[in-house]
Amino acid sequence: MKPALNKEEQRRKAERLRELHHGARMLVLPNAWDAASAKVFERAGFKAVATTSAGVANAWGYPDGEVMSRAEMLQAAGIIARATRLPVSADMEAGFGVTPEEIAETARLTLESGAVGINLEDSLVGKPALREVPLQVEILKAVRQTADAFGVPLVVNARVDVYSVLDESDPTRFAQAVGRAHAYLEAGADCIFAFGITDKALIGDLVREIGAPVNVLARPGSPTLAELEGLGVARVTFGSIPMRVALSQAVKIADELKRTGTYNFAQGILSYDEVNGYFERMEGDK
C-alpha cells in the first residue's frame, strides 16, 4: 500500500472531487467498504470513490449508526484512501460528536486519514429526529473553518434527512428540505444529499429549488442513472447496496457448500494473481 498522501496531492484530489460536482456529466460515485472494493471501482474507470458507513460498520462487525468508534471508522477510511489513486469521500455519519467543535475535529481527522470529502447527516444518532438548523449550520461552519485551516478544500456533502425522518403526512417536508439545503450551502457545504427520496418528480423539484449540486442515493425503485442525470442530479451514490450484493454472493456460496458440496460459485472469478496485482502495482507510488 502506498504511503499517506502529501498535502499538495491531497489538495489536488479535493479540488478534482469538487470539480466533478460541476461537470458536464453526473458524478457516479460507487461506495466501497474496504480496500479491495475501492480497487475494483478504480479499475472500472470511476473518477472517485465514496465509503459507506453501514458497509464499513458491518465489515468490521458492527451495526450501522455510530456504534463502531470514530477511530475505527477513520482507520477504515484511511485504508481505502491509501488503496486508491482516486479522490475518496468518507461517510462519517452524523460526525461522531455533539458540538460543532467535536464534529470539526472529526473533519480534521478525516482529512488526516487521506480522504478529501465527508458526508455529514443532520439527523440525531439513534433517534427519529433532526438536529435544529442553527446547530447544524454552526457544525458545518466549524467543519469548513477547520478544513480551511488544514489547507485542503474538503468537499462537504451535507445530508438532509427530512424525507427519512418526518412523517409522509407532514405537508412542510419539501419546504423544510429546501430551507435546510440553502442554510447548509450558506454555511459552507458543497453538495446537498437529499436522502430517502426515489420519486422522479420530487427529485426534479428539489434539484430546481436547491439550485446547487444535489446527491441522490440510487436503489431499486429509483430513476435510472440516465434519468437522474436528465433531472440535473450532480452526484449519485449507492450506500451499502454494493456491500450487501457482495454479501449476498457469500450467502449463495454458503448455501451451495451446504446443499450440494460443489464449487460452481468459483467459476469465472478473478484469479489470485489478478487480485494480488491490484495492490502490487501500487508499490513505489508517491
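Ile253 sits in helix α11, residues 241-259 (helices being DSSP runs of H or I of at least four residues, strands runs of E of at least two, both numbered from the N terminus). This is a predicted model, where local features need pLDDT of at least 70, side-chain atom pairs count only at pLDDT 80 or more, and totals for chains, interfaces and linings use all residues. Residues are numbered from 1 along each chain as its sequence is written, and side-chain values use heavy atoms, with hydrogens and water left out.

Together with Leu257, Tyr263 and Phe265, Ile253 makes a nonpolar surface patch of about 370 Å². Patch members have over 30% relative accessible area and no salt bridge, and nonpolar side chains (Val, Leu, Ile, Met, Phe, Trp, Tyr) are joined within 5 Å; a salt bridge puts a side-chain nitrogen of Lys or Arg within 4 Å of a carboxyl oxygen of Asp or Glu.

## The overall fold

The chain has 12 helices and 9 strands. Its radius of gyration is 19 Å, close to the 19 Å from the globule rule for 286 residues, so the chain is as compact as a globular protein of that length (radius over C-alpha atoms; the rule is 2.2 Å times the number of residues to the power 0.38). The C-alpha atoms fill a box of roughly 55 × 45 × 40 Å along the principal axes.

Of the contacts with a separation of 6 or more, 66% come from residues 24 or more positions apart (contact means heavy atoms within 4.5 Å).

## Inside the core

Buried residues make up 50% of the 286 in the chain. The largest nonpolar core has 72 residues, and among those touching the most other members are Val143, Tyr184 and Ile203 (a core is a set of buried Ala, Val, Leu, Ile, Met, Phe, Trp, Tyr and Cys joined through side-chain atoms within 4.5 Å). Leaving aside residues up to four places away in sequence, Ile203 touches Ile197, Thr198, Val216, Pro223, Leu228, Leu231 and Val233.

Most residues other than glycine have a negative phi. Glu66, in the loop between α3 (53-59) and α4 (70-83), has a positive phi near 60°. Phe96 has a positive phi too, about 50°, and lies in the loop between β4 (88-91) and α5 (100-113). Phe96 counts as buried because its relative accessibility is 13%.

Note on methods. Buried < 20%, exposed > 50% of the residue type's maximum accessible area, 1.4 Å probe, protein only. Patch = residues over 30% accessible without salt bridge, like charges linked within 9 Å, V, L, I, M, F, W, Y side chains within 5 Å. Areas by Shrake-Rupley, 256 points an atom, 1.4 Å probe, with all protein chains shown as cover.
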